[in-house]
Every structure is written in structure tokens, then in C-alpha cells.
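Let's learn to read a protein model together, one feature at a time. Have a look at the picture and then follow the conversation.

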Amino acid sequence: MNILNQNLILGLLSCALLPGIAAPVSAQTPAMYASMRQTDNIPYHKAGTMSLKDALIRLKKLQNIRFAYREGLLDGKMVPADVVDKAETMEAEAALKLLLSDFALAYSRVNKTQYSIYTRDVNTTILNYNALFADKLKGKITGPDGAPVPGATISVKGNSALVTVANDKGDFELNLKDATLPVVLVVSSIGFDKQEITVNSAADLVSVTLAESNKALSEVVVTALGIKKDKKALAYAVTEVKGSDFTQAREVNVANALTGKIAGVNATSLASGPGGSSRVIIRGNTSLNGDNQPLYVVNGMPIDNTTPGGSPTTGGGGQNVDRGDGIGGINPDDIETISVLKGGTAAALYGSRAANGVILITTKKGRARKGVGVDYNSTFTAETPVVFTDWQYEYGQGDGGVKPSSQSQAVTWGRRSWGAKMDGQNYIAFDGKEHPYSPQKNNIQNFYRTGSTYTNTVAFNGGNEALNFRFSLSNTNSKSIVPNSKFDKKIANLNLNAVLGKKISIEAIAQYNVENATNRSSSGDATGNPNWGVYMIANTVDIRSLDPGYDANGREIQWNETAYASNPYFVVNRFKNNDTKNRFIGQASVKYDILKNLYVKGNISRDFFNYDYVGIIPTGTVYTTGAAGEYSGIRNAVSETNSMLTANYNTKLAGTIGLNVLAGGNSRRYKSNQTAITGTQFIIPFFYSYTNLSTVTTTPTRNNVATNSIFGAVDLDYKSVLFLNFSGREDWFSTLSPQNNHIFYPAVGSSFILSDAVQLPKAISFAKVRASWAQVGGATPDPYILNQSYSMVQGGHEGQPVQTITQSNGANLVTNSNLKPLTSTTYEVGVEAQLLNNRIGFDITYYNKHTTNDIVTTAISTTSGYNNALLNVGKLSNKGIEVLLTGTPVKSKNFTWNVSYNVAYNQSKVEQLAAGLTTLQMATSVGSWAFIHNSVGSPYGVIKGYSAAKNEKGETIYNSATGYEQKSALKNLGNGVPPLTMGFSNTFNYKRLSLDVLVDGKFGNKVFSVMNVYATRFGLHKKTLKGRENGLELSGVDQNGNAYTNTIPVSNLRLYYDNTKNYTDQFIYDGSFVKLRQVVLSYQIPVQKLKIVQSASLSFVARNLLILYKNTDNFDPESSYTNSNAQGFEAFGIPRTRSFGLNLMAKF
Amino acid sequence: MKMRFNFLIYTAIAATLLIQSCDKGFEEMNVNPDASSSAVPEYMFSKALLDALNNSWFATDALACGGSMQQFATYKDVPGIGDKYYFQQGTYPYDYFTTGFPGAVNEIATVINALDSSEVNELSISRIWRVFIMHRITDLYGDIPYSEAAQGYTTNNFTPSYDAQKDIYADMLNELDEAAQALDASKTTFGAGDYIYEGDVTKWKKFAYSLMLRLGMRMSKIDATSAQTWVQKAIAGGVITDDADIATMKYTDGTSLNRNPRAAALLSNDYAVADGTSNTEGGKLAQTFINLLKDNNDPRLNVIAIVWKDGKADTSTALQFGMPNGLLLKPDSFVYYSEPNPSTILQYTAPIIVMSAAEVNLYLAEAAVRGWYSGDAATTFSAAIGASMRNWAEFGTAGVIAESKITAYQAAHTLTGTTAQQLEMIGNEYYVSMFLDEQEIHANWRRLGYPALTPVNISGNITGGTIPRRLLYPPSEESVNAASLQEAIDRQGANLMTTRIWWDKE
């Protein structure tokens, strides 16, 4: 297997991990185990006896099996010690038989690891059966998606002896024996609500559809390292979402679908079109300017989530595109569950990169079954642009109140709507033809097209107990609303599980992605951004008159005064911007059960992708030198490789305390080998090869990063009432200086099941409190930043070599040889409860997260010779509350209504930057009109800018020489990141119909709108109507405090409004919103009669239907176009879309 | 219990072993395979030479200085910072802060730090070049970080204080004095890495004194006494008066590093299409400049300017018209206005004349008129004209001006009249002979007030209709170096384009 890197394995060996873990393992012989058992297990109550319950608990741990039995069934039953000892040397079933033999109890095997225990009354059962010829009930148990629920328990209410279990296909048979009809059947299964159904006649087929349970009672969730744990044992908040939540109303990038679903998770989709990135922030930003997105882990092993070529910059132009992230390459159909580990305790075992939280994805596996099962999922959606612009349509194209009178004037005024009152008369437009001087309100609809996304996945699964598989193929075709832009991805995923004999099991996963993007749209500045012209063209010009955007010689037709505002049609028709990503994710693990309760597991995984990007700014582009075009290319090979070895041991101490010990080591290697080629001026026109450029620069970037770690965890469980866990991890980072390159960090947590410990009022079915404290250490992800280095300028000058200071991200960086690890410390407390027979539930968490010694790239005065310095001093805090409320307001035979409401408030605060620094500039808007800062004492990521200066009386101060308002000092204008997020999900089930409605909202942030700056400068904004007829009256005071009045004549109105760009606050909007995010209406097609189909459903799906609340003018509050830390700017991204479609799911 | 205890012990032992071996190879891994760990002074000096002359020429020289000096014009708004005193968009006024300090300033500091004190010539030449770099920045902005500049890496000074321009001048002159005296022809040099003089120490000495002359003269308005002292010291040291000694930077066509940055900037921003009308930033040569050349029958007009006629670049005098400054719309006559000559100025292989005999001779003439120099003012003035005209031959054959034309022009323009009249003639000659070095033209205009320019006064301008006297400190300084900046503003005046810097006293 060539993905396994030889060096890596050698590296692991030399790192002594194998001896480190293997030594205690090999020492653990069965003999030693036996001796241990006698000294410190659950004590025998009386001489030579112990309770049956304790004996079964011992058996449970020993054999790793579970039991279900009626409450009180085992009470008062005692077993002789020698029987227990004997049973523990036997296989599970034999042991069980032996233990139960003295009592009127029987068991039945539910599945490989589950048994149910019930009363056995030999005489009555046989007697009654024979005597009464009782009716036999037959039926089928299915889940809400129509899939069978194997292992569901069906019992007769009031007669717990009458019980059976559904088989693999969900079918069951139940002998009614001594019961008489009608009977009430109780159907239950883990993960589903218990359901009661009255059966009047044994002749009918009993069909029961179980609703999925959202209760925390007996939920098993996937936690760190892929370990499944009982949710009640967890000392921290963890939220699990089913993969099926993402497969109907789909997002091309699955992470975008997290929006509104989980308290404390702020998922933002970007205005960058299909195939774009997501930005997910859990409990606020952890690092001042490091990566703040969570670590994505698939089946216990991390994957890469980088964006090739980096995120778009806030003020960039040309080909400022979002090239997609790593999580976008995971097919939602392959996802069984997504667990979000929000806190440090949850994530501590993942090490440094988990400080931002971890998103754990567990993929679907094959299941033992007859034949091959086939799942098919097909979704088609159509996307239409949502129009927010509400421009003024009273005064048309022109300047100074005058409409263009010649073609050249029409070109100069192509983006000026400062003309005369619209009169419908013909005038000369930029194409030299006559057009009516009338409003053109449909430019957005006319330029963009209806987008579409077509997704098909087919998955096969099958096998037996020893070897099973799941193989899926998926194809996503997405046509952007931007003409000539599309994205498609194909994903093949294979999962193999094999049990080799009794002790060894292996699992292997292989995934291959091919992702192709064509002409991703640029955003930000005007150059090469097709969206810019569509929005800014004068309001009497039909955008279609710019089509096709080039003349007979292929030269861009200029529609306005500046070459830098590209012709949108030229961009979509001539620019080329294509990338291909070939990605392979491979994982293999071997688990060896040394003893029943001790195993070692070795995992190795590699996420590798090869990326090839070519961007062509074509010949004829008027803003390029000589209109000769530009070239940019990126070739990148990235790999993220992890090797992990863990040992896990569990036992019982003193009979009542469960103990689980985990120890392990991990070695991570990250490699990126990138070559960027940029050049200008194609020598032979229209020949787009980098061999055909006047100037070419090739920049290699070869990053090589390693982290080695050891970790351990101890979990204690006292009677399933009190849980305690401890963990610790030590990391060594290659990117830090050898003196300071490692850090140890511990975590501790506890959970207490109040409802099991004390008698609570009957209304409270379940109550739990939890608390945890954890540290996570981290380092800079970038290598080579300890010492300044020097690079050669390729080719030199005049035959002489030329050397330059090596730059970091295009800027001079003061490197820092003293960097040490940063630490993020979190504590959290929480309480969760189920009330009124599980009809109402809540889960409340308070957390407090502090980041210290944050490694911060700080913008410093350029007069220091450097743009940035790397400092190790940042302090940042995030504290907040997360609330999840669940309930079932209506529950009747045919109709249920489930609600889930989550809300999270996060208060972030920048506590400290470097000595003498009070603020850190993170990003600059187009035009340098607004900035994103991290300022001491302020929340993370505030928007800064200027306003018109006012005196203490509130009067505007004018500069009498220029007639313009004086500019204030730079000041804080609001948060770029919303502190308050919420989601409200409703599910209605009526017979075969179900309706799922998700509403979500974010509140408390501000957005600086670059588009509104331009719309004001160009006379499109409604506020520019003031002064159009008789000039604009201004009054205030002058710089000397004297009264000042001035009238701006109509002829100068444009320049007056143009100057308002200096007053940032005029373009700051409240970014709060509430959106109707998702609606899914599903119908379970009755397929019982079709032998071949197990289940099928057809759904109407829609996303981003309506904005129920917003405060922004002319744009969607969700208009960010970069997944970098700089949030809070809007600048001509692709219009947000509304999508509708159909989804068909079928199982065969 | 024993078992678990053993387990822990083994784990602890293993962990201890790991601590010693778990970062093996990390240090080597963290070395950038595409960079070297030390600076080679010679190679870095080359970069400092290139970067000092390739920084913001289009924005600062052509648009800001060249526009306000009415040598360049544009009908557009956004590039109209000098043309109309507009500031609509862009970072034009900040470029020397954002790219000059991290570029040439930091590079020359790196060279100086990397040199051994025994490398006397390399050190002295680097000090001279540092003065060259710094004086251009202080002349644009006034007070700037000087003594604490470019120490981000060496002393971690991230918030350099601003020095008063008066102190900067004192130190720069002192540096030139010390460095010029330290030069020693018997010792090693940068050799071919020194593109300007290829290690010729004698010529560097002349360059140092010529620069001293320039800086000394700069103080003529604020402190005539000091000015006189330094001017005389410079002249005594020996300055560039012969064509053979002029400081010239040579370029070739190749990557952006190799091309003449002025030609590259003009081509990429305005003149690449070469049809007289597709000019991206709406640029042309300005009316004031072209008229002055025409009025004087200056033969330099025909090597500087062309008009596109029938698809050909025509240099004939009769066709040359400059575009008026302050236009708001593309004039119908746009195509008929003069543009920089593609055969001279727009050649990628054209040189940059860093310090010319023409400039030095003009300083000598001015010094003579002021009574600070014993030479003959008229002779040196005439020599300056000759040197300037011969300089154009460096741009290629299209730049060659016939000796007869030079002589005729010299004869027609002899330096006579009152002191004021002579200073005006000298001022006008700086204006023409230093064309393309717009920062120097702007500096000499501020100092002398010649040529007499009539500002445009277009509504919406930010200077109240006066010619800008400095550029603006960038907002980033307000954000990351606020206290230091405030000190400078308190000393110098508001951060406006109308505020006068120290040597530009009214």
C-alpha cells in the first residue's frame, strides 16, 4: 500500500512509540489478569455470595456485552461466588445460562452483544401454550425513514414474559401465549422513542413506525478517537447530528448545512458559489489570527481542510476566488453521524488543533445481511438569485443632472447615475445606439441564470459477520447562477470491515474524489469580478447591452471610465479559472483483542490531494498591461498523514467502579509542495500557456510539519451514576524552537446522574449535571518562522545574483526564535434534564475559554522594515451560554410535532496583545475604507473606520477650504462576528408525511458594505436623491467652530457623495437576521407490496427560502466572501440564492 | 492492583523515553529548503539599489508629483491626486510607507548589518545609498522614522519614533561626510553587484558629495547658513560635473525586476496599447510642460513627446500639445495630446539617471548666483543644459540630440538678469532637465517656487485649490504606531497635503 509512508513508520519506531505502548501490553498476560481479579473486584456481599446484578455487571464488562431487563427483575437474587467465578471462565451465553439457572429467568440473544433477560415460568408457558393455542402476532418495525429496525424489542404491556425481538429485516413474530386480545404492544429500540400500539386482532400484520429519539437517556455518541460512549457519561456538551439530516435539502459543502443546527456552532456559507468553502466557528474564535476552524476528523483520523491558494482576501481583485476547502469533499450520503465536540475536554485527546473544537464524522459501514443492499439518493435543486437591491430609479445615467449626449460621454458615465430625471426618451448609450432613458430594474435577473445542482449517490452494502463492505459512488453537478461557471465532484468511498478470528479485526476505508471547478467567480474588488458591473451599471442601462463584452479583435469593450471595472460579460465569456482536485483518503486500522477487556489498535491514515489550478486573465483585458492578459497557476500536492497506536483496558474496581484506561501515541506529518506560477502579457495573443508570457515568476513553497504526541485517559464510572475522566497529552511540534517545542496539557471532567442518585419529583425523568476543565496546547501551523531567511530572486539582474528577505504570505515578517506553545484553557459546566415523561428536555452549558500565549501575526509599523511580527503574547477569552430545548408539543397516534430550539451567546474579548500594542489590524476593505481589528478590551474582530467629525453639540464639523465634513479619528464601529446565534427546528409527522422546517438567526454583528459605498458614489443609492433638484444644503460648524452653511450644487453632487466613502459609519449595517433556512416535505411511498424495494421516500426540499428579518439595505446580511478570520465585509460576492428541488431516496 | 501499577510504571518509563526522542529530526525539518539562512551583502545591495528606484514611481512620481507639477495630466478622477488634488481611491500617498520602508530601507539596513566593519567601502557605499533612500522619503512626508527605522528584526522596535526632519537632514549630511571620507580605493568593493559604478570608489565619492550638494541646497530656504556650509563642503569634496561620472542604473527587458520601472509603470498603466486613446488611466503629458518646451524651442521636446498620427508616433514640434490639468471628462481631442515617447522613455531598456551632471551643474549655478560658489554661474548653467540634452542619448538613438541643436539652445538661453530672474531660469531648467525624476522636481519647486505654476481649482479637491506640498501618512500608522505619529503631527502640523515640511518654510 503505497500510501503508507515508510519513513513515517520508521519515524514512529524511532520515536519509541511502539515500545512505549507495547511494553505494558505484552506484560499483561492472562495469568496476571486472573490474579488481579481476585484482589480488587466488586466485593462479595456475604461470605461466598454476590448479587446477581453485580455478577451480570461483571460479565458485561468482561465480555463487552449488554443486558436489558425489567426494573426490579434481578432484585434480591444472590449467586454463590464459585458460580460467578466459574461463569467468568465461560463464553458469554454459557455464563449467562449458568448465572440465571437458579432463578426463573431466561435470556434471549438480541444481537452479538445484547441480551434481554426475562421471567421464565416453564410450567405456565408450556401449559398455556399447549392449552390455549394462543394467537401468533406478526409484524414489521420500521424507522421514520422506512428502514427496518432490527433488534427492536416487542413486548406485551403488563406481561413482560411475552417478548420478542425483530430480526434483520425488522420482522417479528410474537406468541401471545396466555394473553388475551386486545393487547397493548410496547415497541422499543435504542435510539427510538418507545411506542405503544393496541392490537385487536391477530390476523392483521402489525406495522409500527418508530420515531427517532432525541433523548439523551441511553444515547451512544462518538467521542474523541472514535470511541463510542454513553452520552450520560460525558462531562461535556456533545451534539450528534445524523447524516440523514444532510442528504435531503443538500448543500454542496456539507459543513454549510450545520447552520442553525447546533448551539454554539456558527457555520457560515460564503457568497462564493458552488464548490466554495465554509467557515465554521465553535464557541467563538480561539486564536487572534491563527486558524479558527475546527479540526475535521473522519472515523477517528484527521483530514485536511485547507483551501488551496489560501482564502480570498478582503480587498483583492483579479482572480480573488475561493477554491474550496477539505470538508467540502466529504459526501453527506457516506456520513452516519456527525458529532461536534465543542469544548476542550472533549477535544483534548486530539491535541493542538482541537483547541477550536472537533467535528467528528463517522462514515457508514457495511452490515451483515443476505445479498447486497442498495441505497439510492437523488436530489435536484434549482437556484435563483435573490435580489436585494433597491436603487433609485428617478434620475438616470449621467452626471451633474445631465444625461449623456454622446457615446464617449455614455462610456465615461457608464457607472454614474447622476443624470437627469428619467423621461423615457431615447438617448445615446455606451454602445452608440439609442435607448430609452428608463429604469432598468432587472439587470440582476437578466445577467444571472437559474443555477442547478444535481446529486446522485448509489451505495451498496453487504457481507457477513466476518467480512462486510459498503461502497458508494456519488456525483454532484452544480451549475452556478453565474454564466459559464460550474462545479462537479465525483466521490467513491469504500469501507471494509473484517473480523479475522476471535482477536483481530481490521477496518479499511478508501475514498477517491475528483473535483472540477470551472470559472469560479471572483469577489472583492472590481477587476475581473463579474458581479461588480452587474450591480454598479448605471440605472438606465440594460446589462444585456454589454453582451458579449468583447469586440471583433477579442478586446474587452469598456463600459465605463475605468478599465479596472471589468465588463461582466467579458469576464464570464473570456476569463478562465479552472481547477481540478484529485484527492485520496485512505485509512486502515487493526484491532487486536489481547484479552476480552484489553485491546490495542493501530491506525494509519493519509489524506492526500493533488491540486491543479490555471487562471487566465485573457488577451484583451483592458486593465492588464497592453491588454495582453495575465496568468496564474498553482500546482500543489498536500498530504496529512497520521499514525496512531492506542491501547485500551477496562475493568471493574471493587465491583462498583468501572475503570477504563487508554494510552496511545500519534505521529502527524503534513506536507505541502506547491509551485505557483504567475506571469503577465501573453506574447502570442490568445495562446494561454505560461511558456507564452513576457514575464514569469515561479514561487516554490514546500512546507513540512510534524507533531508527535503521547496521550492517555482514565475514565471512572461509579454505578453509572458518577463518572470521572482524566486525560493528558504531550505534543512535540516541529515548527517551534527545540528549547520550547513541547507542552503537556491535562483535562478532567465529571458527570453526575442526579436522577439515578436521588429521588426526584416524578416530573423529572432524567437529570444530569456535569463539569469539566481542560487545556489544549498548540503551535503555529507554519514552518520556517523561527529565523529570518533570504531568498534568491530568480534570474538576478544584469548577470548578477539578487537576494531578498524571504517573505511570509507576501509580506516581511519579523520571525521569532523564542516561540513557545500557546494554551487554550476551557472550563464548562452544564445541566441536562428530561421532563414530563421525556416530552420536554433541556441542556444548558456555560463555558469559559481562555487562550494565552497566543501566537499572533501582528501588523506593525512598516517603518520598522517589516509588515508583521510574530509574537507569543496574545490573550483572548470567550465565554458563553448554550441552551438546547427539545420537546414534543403534540403526540398522538398519527401526528407528532417535535421541536428543537438552540441558542448560544458567546462573548469574546481580546485581553492582551504585545507590549505597547493595543490593536491588531487583520484586514482592510476594498479602498481602505474600513478595517477589521482585534483591539484590547473589544470583542474578537471589530470593524473600525471613520465618521464625519462632530462637535460636542452634535453639529457636523466641515473643513471650510474643501467643503467636506472633517474625518474623525479611527474608531470602533461594531462587531464583525455575531455573538448570538440560534436555530429553531420543527418536525411534523402525519402518517406517511413529514415536514421539517428550520429557522435560524444570528444577531449582534455589523457588516461594512463596499457595494453601498460604490452605490452612493455612483448615485444608485436612494439616499443620493437628496439635493438632486436644487442642490444639497449643508450646515454645521467649520474647523474653527464658526457656523457653516454650504449648498452643494447639482453639478457637484457626485463629488460630494463620492467623498462620503471616507465616513465608514455611513455604510455599516446591522447584520442580524432570521432566515427560513430549510423546508423538507417528505412522503414515505408505500412500497410493502413491491418485493424489491424496502423503502422509498420522495421529498420537496428547499433552502434559504426567505429572510424573515434583516436590517441591511441592498444586500443579504450573509455576504461574506472569505473563510478567513476577517469577517464583517460585504463586497460584490455572487448573489445569494434560493433553492428548491426534489429528493428521492430508495433502499433495495 | 499490582498489575495496574506495573502498567502505569511502564507507561511512565515509556513516556520518559519519548520525551527524549520525540522531536528527533524536527530541527532539520524546520529549515526552509528554498531559502538560505544568511544574507550575502553584495546580492542584497543589488536588491536595495533596484528597489530604491522601483517604488511607486507611477503613483508618487507620475501621478502625485508629476501631476501637481503639471508635467503629467489625466482626465480621470481616481488617478487625479496630483492632477486635480483629488483623493478618491487607492493608496497612492502612502506607498513609501507601505512598500518603501519594508523594501529598500530594510534591505540597505540588512546589508549594513551583514557587513564587517573592515569592509570599509561596502559599508560607506551602503551608508551613502541609505541617505539617498531616506532623503527621498523625508522630502515627501516631512518627519519620518529615521534613526529607529528598519530595526524590526534587529532590536524588535515595532513602533519607531519619528525624527524631526531637521535632525534627519543633519544626520544625513554627516553620514555623507563620514562615508565619503572613509572610501578607500585600495580596498574591496561590491564589484559587479554595484550596478551604478561597478565598485568604482572614486565615482562613489563624487556621488556622495553631489548628494551632499543636493541636500545642502535643499536647506536654502530654511537655513541659508547651513546650506552654504554644506554646499561649499560638497563642492570642495568633488562633485559630478562630467558625463563620465553620472550615476546611472541600467535595465534590460526581462522580468519585472529587470525592466526600467518607469517605462514599465507608464506602459502598464496608460500607454501599452499605443493608439493615443486607449490610455487606461487617462494619462497624457500636461499642457504646462509641453508649452514651456515649445515656447523655448527646446529640442528635448522631440525626444520626450510624441503624438499618434496615422498609427505612428510623430515627434514633430507642431503636433505637440499637452493636455490641460483638471479635466473631468475625456476630451474629444484626447488622441491629439502628447504622450511619452515610446522610443525613449517607454523603453524597458532605458536607464534611470540617478544623479546627473546636469543637476549638479544647476546646483553649482544656483550656488554661484547665491554667492556660495566662486565658479561662473552662466557657464555652469550652460554646462547643465548640455549635460541634460546629452543624457537623452542614454535612452537610445531616438534620444540623441544633435550637438548643433544643443549649442543653439545654450546660446539662446544664457543665464542673465536679476538674482530672481536667474533663479527662475535655473528653476525652469531643473523642471525640464530632471524630467522623470518628479520627486526632485517637486522638491526644487517647493524650495524655489519655480517654475511659476497656476494651480487648478476643481470642485471636490482636498487642498482648497492649492498645489500639494507633501504626501499623507498612512492610516496604518494611526493604527499601529499612533503615539509616534501623533508626536510628528504635533511638531509638523496636521496630516494634510497642504502642510509644509521643515525645509519648505513660507
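**Reading the two chains**

A: Let's start with chain B, whose secondary structure comes to 19 helices and 7 strands. Helices (H or I, at least four residues) and strands (E, at least two) are DSSP runs, numbered from the N terminus. The radius of gyration of chain B is 26 Å, close to the 23 Å that the globule rule gives for 506 residues, so chain B is as compact as a globular protein of that length. That radius is taken over C-alpha atoms, and the globule rule is 2.2 Å times the number of residues to the power 0.38. Please keep in mind that this is a predicted model, where local features need pLDDT of at least 70, side-chain atom pairs count only at pLDDT 80 or more, and totals for chains, interfaces and linings use all residues. Residues are numbered from 1 along each chain as its sequence is written, chains are lettered from A and ligands numbered from 1 in the order in which they are written, and side-chain values use heavy atoms, with hydrogens and water left out.

Q: How many helices and strands are there in chain A?

A: Chain A has 15 helices and 58 strands. Its radius of gyration is 33 Å, close to the 32 Å from the globule rule for 1148 residues, so chain A is as compact as a globular protein of that length.

Q: What percentage of the residues of chain B count as buried?

A: Buried means under 20% relative accessible area, exposed over 50%, and partly exposed in between (1.4 Å probe, protein chains only). In chain B, 61% of the 506 residues count as buried. For chain A, buried residues make up 59% of 1148.

Q: Is A:Arg770 buried or exposed?

A: A:Arg770 counts as buried because its relative accessibility is 4%. Its side chain meets that of A:Glu832 in a salt bridge (2.7 Å, N to O). A:Glu832 is buried too, with a relative accessible area of 5%.

Conventions:
Salt bridge = Lys/Arg side-chain N within 4 Å of Asp/Glu carboxyl O.
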